[in-house]
Amino acid sequence: MNIQFDEKNLLADLVGKSHGITRSEIERSRPKALRALKSFRKLSERGLYGFPHLPFQENVIQSIRAYAREVRGAYDTVCVVGIGGSALGAWALDCGIRGPHPVQGAFSPEHPRLVILDNVDPSFTQAALASMDPRQTLVVVIAKSGGTAETVSTFLIVHDWLERELGRKAARRIVAVTTEGKGDLFALAQAEGFLTFGIPENVGGRFSVLSPAGLAPAALIGIDIRKLARGAAEMTHLCWQPDLGENIALRAALCHWLIWTRRNKTIQVAFPYSNHLWGTAFWFRQLWAESLGKAHNRAGGLVNVGQTPIAALGTTDQHSQVQLYIEGPNDKVFTFWAVNKFSSQGKIPKRRFGQPAFDALAGQSLAKLIDAERRSTAAAMVEYGRPNCTVTLDRVDETHLGGFLQMMEFQTAFMGELLDINAFDQEGVELGKKLTYGLMGRKGFEKYARQFAAYERKRKAAR
Ligand code: PA5
């Protein structure tokens with residue numbers, strides 16, 4: 001596996017003192033980074049945080065693979081019902097390995113289609129159901145908590161759709177992924193006899209891509225999850241090293257922490273130059289936003305900290321966003337995601353038409369062009385004093401993707417330590433969820449229905 005992090009374009013020597021960091025700042029902060037590594041390692045070894053252990057859970061990986069082998073060929077579609085961390089990991093893996101929609105690798109009994117029902121847009125749900133055949137569909141319902149409103153309601157619809165066609169046999173077409181022994185989904189799965197894979201208690205949704213939440217759908221659509229785990233295991237080993245040369249996640253966390261907190265870059269643009277990494281950019285957006293956007297630090301002080309992640313696609317968004325990035329407010333740091341080897345070179349035919357713009361590119365390749373465009377955008381950003389850095393994956397295969405996802409999770413965890421916040425909770429989304437239950441009339445949530453009514457009164461009174 002070959003994944004590199006290049007921080008040079010974050011340096012003051014390139015983008016100027018006001019917007020760039022210095023080698024001596026990095027050096028002076030090295031002890032802080034090492035303390036972050038040590039404290040996160042301690043918490044992980046105490047079993048508080050589980051994602052670093054996931055790539056080593058051979059039994060889980062084997063049982064998922066065995067099930068995928070057993071049912072292979074019996075369906076042409078895998079339908080995931082889940083949201084947030086219970087959907088984005090599957091999307092990142094599908095998009096990464098099978099390719100982006102609508103140009104995914106051909107579907108076959110070994111590689112069925114993946115449909116993800118995350119949002120509760122009724123038109124979307126209806127159209128998705130109409131596009132699937134219940135006799136050919138395997139449903140994977142995923143919820144760490146077992147009670148998320150979107151997942152529960154969509155699952156009720158999908159379950160009914162299956163049952164109307166298959167009767168009592170529907171249960172055999174449903175796999176539940178949830179916290180073992182806890183929550184309403186687990187209880188339902190037990191009662192109805194759904195096959196269940198467990199998400200460890202100490203693995204939060206956005207850190208669960210290498211748990212059954214990501215691995216089960218991935219294996220069922222024919223992705224080699226052993227290779228994913230192998231890449232992630234290799235990266236985990238690197239992420240425990242104290243040497244910042246080897247530990248790219250810690251070095252990246254430290255550089256991002258400096259540029260964010262010392263140079264006030266409050267927005268980070270994740271900028272993959274690969275359509276295969278587009279799903280990963282959205283997965284990363286959730287990971288970074290939900291983990292690091294926090295009201296309080298660990299001591300309980302009010303900090304309201306956070307760096308807004310944006311997903312942009314190279315080269316497409318050069319023609320949409322880069323004008324803003326280069327001339328607009330200098331409040332962003334850019335992380336390019338580069339790929340060395342594409343699965344095809346995209347050879348451009350040699351045909352000359354006698355038109356300069358066409359003849360200049362004839363005989364070259366799209367691989368060369370996308371690389372030139374990324375490097376030119378980075379150079380232009382440097383010219384305009386816009387700090388940027390690059391993570392390079394040798395290629396987008398299972399091993400590299402597994403390693404990259406694990407690197408991003410470690411980087412996020414280290415950043416949480418550097419900021420002295422809890423990167424693993426999400427208090428901020430709880431109130432909205434409770435108010436929704438209040439509005440939907442759930443028993444026990446009457447207090448939230450009243451709170452919502454008070455808000456409505458306030459709106460009415462406001463002029
Ligand atoms: O990271 C998280 O914990 C959240 O974003 C969850 O993934 C999201 O809310 C979905 O939760 P659940 O898996 O319980 O349905």
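Helices, as counted here, are DSSP runs of H or I with at least four residues, numbered from the N terminus. The exercises below concern a predicted model.

**Exercise 1. Locate Asp 420 and state whether it is buried, partly exposed or exposed.**

Solution. Step one is the position: Asp 420 belongs to the loop between α15 (398–419) and α16 (430–439). Step two is the backbone: the phi of Asp 420 is near 60°, a positive value in a residue other than glycine. In general, most residues other than glycine have a negative phi. Step three is accessibility: buried means under 20% relative accessible area and exposed means over 50%, with partly exposed in between. Asp 420 has a relative accessibility of 36%, and therefore counts as partly exposed.

**Exercise 2. Determine in which element Asn 304 is found and classify its exposure.**

Solution. Asn 304 is found in strand β9, which covers residues 302–305. The phi of Asn 304 is also positive, near 40°. The relative accessible area of Asn 304 is 55%, so this residue is exposed.

**Exercise 3. Identify the type of peptide bond that joins Gly 314 and Thr 315.**

Solution. Omega for this bond is about 5°, and the bond is cis. Most peptide bonds are trans. As to its place, Thr 315 is in the loop between β10 (308–311) and α12 (322–327).

**Exercise 4. Classify the ring pair of Phe 40 and Phe 424, and find where its members lie.**

Solution. The structure holds 27 aromatic pairs. In the pair of Phe 40 and Phe 424, the ring centres are 6.1 Å apart and the planes stand at 5°, so the pair is stacked. Phe 40 lies in helix α2 (residues 23–45) and Phe 424 in the loop between α15 and α16; the pair thus links distant parts of the chain, 384 residues apart. Both residues are buried. Phe 40 and Phe 424 also belong to a cluster linked by ring pairs, whose members include Tyr 49, Phe 207 and Trp 240.

**Exercise 5. Classify the aromatic pair of Phe 155 and Phe 194, and state which parts it ties together.**

Solution. The centre-to-centre distance is 5.9 Å and the angle between the planes is 75°. Planes over 60 degrees apart count as edge-to-face, so the pair of Phe 155 and Phe 194 is edge-to-face. Phe 155 lies in helix α6 (residues 149–166), and Phe 194 in the loop between α7 (183–192) and β6 (195–199), so the pair ties together parts that are 39 residues apart in sequence. At 5% relative accessibility, Phe 155 is buried; Phe 194, at 5%, is buried too.

Definitions and conventions
Residues numbered from 1 in each chain as written. Predicted model: local features only at pLDDT ≥ 70, side-chain atom pairs only at ≥ 80, totals over all residues. Heavy atoms only, no water. Helix = DSSP H or I, 4+ residues; strand = E, 2+ residues; numbered from the N terminus. Buried < 20%, exposed > 50% of the residue type's maximum accessible area, 1.4 Å probe, protein only. Phe/Tyr/Trp six-rings, centres within 6.5 Å; stacked < 30°, edge-to-face > 60°.
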